[in-house]
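Here's a quick tour of a two-chain model, taken one packing detail at a time. Have the coordinates open as you read.

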Amino acid sequence: MFKDLTLTNIGKWWITIQISWVKHTAYRLNFFLQIIGPALVFFFVKYNLWASIYAGDSEQIIRGFNFEKMINYHIWAFVVALVAQGHGSWNLAEDIRLGRISSYLIYPFNFWEFHTASWLSFQVIQMIIAAFTLGIISYFGLLIFPSFDYFLIGVAYTLFISLFWFTLQYLTGVMAFWLEETWILRVMLNTVAYFLSGAIIPLDLYPKWIVDILNYTPFPYLTYYPIKIFMGELTNLSLGLYIISFWTIVFAIINHLVWKKGIKLYTAAGM
Amino acid sequence: MTTPLIKAHGLRKQFISYKKNPGIMGSFTSFFKRNPVYKDAVKGFNLEVNKGEIVGLLGPNGAGKTTLMKMFTGIIVPTEGELKILGSNPWERDKNFRKRIALVMGQKSQLWWDIPAMDSFLLLQKYYEVSNDHFKQRIDKMSSLLGVEELLHIHVRKLSLGERMKMELMASLLHNPEVIFLDEPTIGLDLVAQENIRNFIKDYHRETDCGIIITSHYMQDVNALCDRLVLIFDGEKGYDGTLEDFEDILGSDKSVSFSFKEAQNLEHPLFQGLDTTWNDERTNVDIRLPEEDLCLLSAKIISDLPVEDFATEKLPIERVMKELMNNPEILRQRRGSLKSV
């Protein structure tokens with residue numbers, strides 16, 4: 001892998017990232033909606049939901065969360081979801097099943113490099129969307145901005161989690177060499193992660209014994225931990241980093257092996 | 001002796017699919033018990049192609065042409081046999097190997113639809129490590145030859161099929177490949193576009209002396225481009241030889257057709273003893289006859305009968321191909337008789 005770390009190869013990554021940007025911005029209206037969509041969803045869904053739960057009594061405290069704190073929890077949950085989980089690799093399984101990856105097998109640029117470069121490019125766009133969404137929310141005076149240090153650590157940690165998600169989604173994608181259709185697997189994975197990572201409600205609202213168990217799984221480190229960093233409440237990051245690093249490396253190795261074996265089964269259907 | 005560009009020996013590719021009975025019950029039972037169906041798409045295939053050759057790979061749908069192309073380009077892995085393209089195992093997909101080949105698929109776009117072709121070319125320039133000077137020179141030359149200078153900056157999805165195909169060809173030739181695999185490059189194109197593409201391929205071949213393997217169902221393509229034909233039937237090679245020899249598979253007789261102003265008497269002495277096919281109105285006849293008799297007989301018919309029009313066969317290959325597809329046994333018998341010799 002690292003023998004390819006030459007200037008020429010970096011040039012190939014860079015042009016792939018650029019072309020991927022061009023593709024993402026090819027349709028003006030679509031891109032515009034992509035930018036403003038998340039802010040609209042936040043106000044229509046999350047804000048309204050929690051406003052009605054607190055039913056006008058914003059000083060009511062649910063397990064240590066008043067309305068302002070709860071909304072801030074969800075603002076950051078939204079940002080984490082945008083940056084860490086935005087890239088679903090949704091097309092990968094379909095591309096394999098319908099034989100669309102054939103062209104990439106012929107170019108002298110590996111498929112995983114192409115896919116990863118496209119993901120990097122997508123991440124930049126997601127960061128812009130997240131920044132825009134945060135800007136709109138803070139314009140309405142809802143955001144309690146953490147210290148700049150916490151913010152930077154939070155961004156770095158979230159990007160790290162996005163790498164974890166990327167390796168996991170890639171794995172569900174390349175399983176299409178055997179399973180052909182993997183979307184239900186991905187929906188299940190996302191739903192379980194959504195519930196167990198604290199993306200729907202803060203883990204503080206869960207019974208303690210569940211949280212104790214969850215702490216041994218990667219889930220809380222995917223959403224709950226980064227939110228806590230953004231909210232300036234977490235100081236010990238090392239455990240999360242170790243766990244996420246461990247799983248990212250494991251998935252990367254499995255991806256490599258699965259690809260090597262799966263490509264031998266590839267039939268390039270429809271060509 | 002030079003190393004062949006393509007060397008295949010005993011090549012086999014087996015695909016597995018699963019049989020499912022129709023209807024919901026069929027789906028339900030297939031959850032528990034799947035019946036695999038094994039099919040050899042290609043079997044025992046041998047081929048050697050040298051530098052500068054243009055080989056037409058022909059056969060009916062499902063014969064295994066595209067499977068061969070996929071194996072040659074390293075997209076799929078052979079089940080068995082030896083395969084070397086430019087001295088490499090294609091399925092190992094070494095980057096240097098990939099830089100030396102190109103594949104054009106008439107039925108599948110390799111360009112990115114949502115961006116202009118020029119953006120795709122720039123991406124490929126980097127992938128194939130083509131220098132800026134060379135890139136500019138290639139783009140200028142190819143786009144002017146194909147008449148697409150004005151289309152380079154238009155989104156690919158907005159191009160017509162013919163225009164897109166020209167772009168596909170440009171994209172695949174940017175890096176001066178030594179072997180080019182063309183899988184039905186003229187499919188669905190109008191006659192003018194087909195001819196443009198053919199001329200372009202011929203020019204490129206003349207200039208670079210590359211090896212080309214082309215599959216097509218259009219005999220005009222084969223006639224205009226190939227010096228050698230390889231026929232594949234049901235995964236096996238049925239014929240490998242020159243175009244001239246192929247045309248003579250069913251005998252070296254020529255075909256000539258005459259149209260008459262009025263219905264003719266089939267008993268006319270001129271037609272006696274000839275292999276003739278008349279239309280219902282008896283105003284048109286196709287005659288198969290030995291090449292040496294062609295001029296003399298044609299002259300007699302024209303002088304003695306009210307001939308309106310006459311034509312000799314333009315594409316004998318088409319007739320031979322049609323006959324072989326209807327009756328592949330001919331090739332087996334021919335192989336048998338060649339072996340006994």
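## Two helices side by side

In chain B, the axes of helix 6 and helix 7 come within 10 Å and cross at roughly 10°. Axes here are lines fitted to C-alpha atoms, for helices over the stretch in contact, with angles running from 0 to 180 degrees between N-to-C directions. Angles under 35 degrees count as roughly parallel, so helix 6 of chain B and helix 7 of chain B are roughly parallel to each other. Helix 6 of chain B passes helix 7 of chain B in a right-handed crossing, the near helix being turned clockwise from the far one by less than a right angle.

Which residues meet there? From helix 6 of chain B they are B:Gly162, B:Met165, B:Leu169 and B:Leu173, and from helix 7 of chain B they are B:Ala193, B:Ile197, B:Phe200 and B:Tyr204. By class, that contact has seven nonpolar, one polar and no charged residues. Ala, Val, Leu, Ile, Met, Phe, Trp, Tyr, Cys and Pro count as nonpolar, Asp, Glu, Lys and Arg as charged, and the others, Gly among them, as polar.

## Ground rules

This is a predicted model: local features need pLDDT of at least 70, side-chain atom pairs count only at pLDDT 80 or more, and totals for chains, interfaces and linings use all residues. Residues are numbered from 1 along each chain as its sequence is written, while chains are lettered from A and ligands numbered from 1 in the order in which they are written.

Helices (H or I, at least four residues) and strands (E, at least two) are DSSP runs, numbered from the N terminus. Two residues are in contact if their C-beta atoms, placed from the backbone, lie within 7 Å.

## More on helix 6 of chain B

The 13 residues of helix 6 of chain B (161-173) should span 18 Å, and the end C-alpha atoms are 18 Å apart, which agrees. The expected span is 1.5 Å times one less than the number of residues.

Among the buried residues of helix 6 of chain B are B:Arg164, B:Lys166 and B:Glu168; buried means 20 or more other C-beta atoms within 10 Å, exposed 12 or fewer, and partly exposed in between. The buried residues pack against strand 5, helix 4, helix 5, strand 6 and helix 7 of chain B.

## Where the chains touch

The contact takes 26 residues from chain B and 21 residues from chain A. Helix 4 of chain B gives the most to its chain's side, with five residues.

A:Tyr266 is partly exposed, with 19 C-beta neighbours inside 10 Å. Leaving aside neighbours within four places in sequence, A:Tyr266 is in contact with A:Phe177 and B:Ile76.

Technical notes: Angles under 35 degrees count as roughly parallel, over 145 as roughly antiparallel, 65 to 115 as roughly perpendicular and the rest as oblique.
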